[in-house]
Amino acid sequence: MPAVQTSYPARPAAAYEGMAADQDPATVISRTVETADGIAFGRAAFQGTRDDGIAASGAVFRGIVLADRNARPNPSGADLFAKGETAPVMVRGTVWVVTASAASVGAAAYVTAAGAVTATASGNTPIASALFDTSAPAGGLVRLRLN
């Protein structure tokens, strides 16, 4: 069996995409992934075609897909829930996401058609009552508060 990982950082990362950011009360629902390529941890989930389904893109934002370290490894090596799997989706609470644009604490949050979270309003869909809880440059980890 080949080695899976041969080096380790001195300190683990403080956070990762899709990680619940704190122990404050949160609402997490379970939904079945409908997207053929799956939905990655920390990405937006949209209403799917079924009542209990979610998709990686769409018109109705449902929440953020939480990371699950017990999830079955994906053949591509990506951290995601595959089509047909049940994913935890945070609809209220605070979660770590990667911002597609520079984000400032207290700014409103939007979602792109591809499911990325951004502070850019133009051409994107507002996430109702959501705001950035920390600041970061584009591509950085930020806390997203879903109210």
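The model is predicted: local features need pLDDT of at least 70, side-chain atom pairs count only at pLDDT 80 or more, and totals for chains, interfaces and linings use all residues. Residues are numbered from 1 along each chain as its sequence is written, and side-chain values use heavy atoms, with hydrogens and water left out.

Start with the fold. The protein chain has 0 helices and 11 strands. Here helices (H or I, at least four residues) and strands (E, at least two) are DSSP runs, numbered from the N terminus. The C-alpha trace spans about 50 × 40 × 30 Å along its principal axes.

Next, the inside and the contacts. Of the 147 residues, 39% count as buried, meaning under 20% relative accessible area, with exposed over 50% and partly exposed in between (1.4 Å probe, protein chains only). Contact means heavy atoms within 4.5 Å. Among contacts between residues at least 6 apart in sequence, 58% join residues at least 24 apart.

Now zoom in on Ser 101. Where does Ser 101 lie? It sits in the loop between β7 (86–98) and β8 (108–111). Is Ser 101 buried or exposed? Ser 101 counts as buried because its relative accessibility is 12%.

Its side chain makes a polar contact with the side chain of Thr 118 (2.8 Å). Another polar contact joins the side chains of Ser 101 and Thr 120 (3.5 Å). A polar contact is a pair of N or O atoms within 3.5 Å; within protein, one must be able to donate a hydrogen and the other to accept it, and residues adjacent in sequence count only if both atoms are side-chain atoms. Leaving aside neighbours within four places in sequence, Ser 101 also touches other residues, including Ala 136, Pro 137 and Ala 138.
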